[in-house]
Amino acid sequence: MMAEPWQALQLLLAILLTLMALPYQARKKTFLSVREVTAVENHAKDSLQWITDQYNKESDDKYRFRIFRVLKVQRQITDHLEYHLNVEMQRTTCQKPETTNCVPQEGELHKQVNCFFSVFAVPWFEQYKILNKSCSSD
């Protein structure tokens, strides 16, 4: 538990150093780190929750969708923090805005979408932005 604040501080320091160096790099994107992380990592978990909320806000479907399987999470540190998220989402039995006890729809109302999201994230300020989104239905 004690390592998490230290990791957040390290990440913040890396981003700040990169931002300070930007004027000298003629705005070229410099990759400091790209690696696969787990879905339970704090900032990845926050990003997954945020994309679920955004997906449901933008969807015309009267039912909520929920992530049922995280296929891959990649964290990229450049001049900012990005998460590249591959997820499997399914339509639930909950109608919007309900969020509790949402289980997957069955039968003819069953719908699954596989999505890739690229998300700009500044989690310590709770700021997110979708940079790229691609979803396909079964």
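**View 1. The pairing of strands E2 and E3 in the predicted model.** Strand E2 (63-77) and strand E3 (81-95) run antiparallel and are joined by 12 bridges, where strands are DSSP runs (E, at least two residues) and helices likewise (H or I, at least four residues), both numbered from the N terminus. Within this pairing, Arg 75 has Tyr 83 of E3 as its bridge partner. This is a predicted model, in which local features need pLDDT of at least 70 and side-chain atom pairs count only at pLDDT 80 or more, whereas totals for chains, interfaces and linings use all residues. Residues are numbered from 1 along each chain as its sequence is written, and side-chain values use heavy atoms, with hydrogens and water left out.

**View 2. The largest nonpolar core.** This core has 23 residues, and those with the most contacts inside it are Ile 51, Tyr 83, Leu 85, Met 89 and Phe 117; a nonpolar core is a set of buried Ala, Val, Leu, Ile, Met, Phe, Trp, Tyr and Cys residues joined through side-chain atoms within 4.5 Å. Ile 51 touches Ile 67, Leu 85, Phe 117 and Val 119, not counting residues up to four places away in sequence, with contact meaning heavy atoms within 4.5 Å.

**View 3. The two disulfides.** The count comes to 2 disulfides, each a pair of cysteine sulfur atoms within 2.5 Å. Cys 94 is joined to Cys 102 (S to S 2.0 Å), and Cys 94 counts as buried at 1% relative accessibility (buried is under 20% relative accessible area, exposed over 50%, partly exposed in between, with a 1.4 Å probe and protein chains only). The other disulfide joins Cys 115 to Cys 135 (S to S 2.1 Å). Because Cys 115 lies in strand E4 (residues 112-122) and Cys 135 in strand E5 (residues 127-137), this pair ties together parts that are 20 residues apart in sequence.

How values were computed:
Two strands pair if DSSP finds at least two bridges between them.
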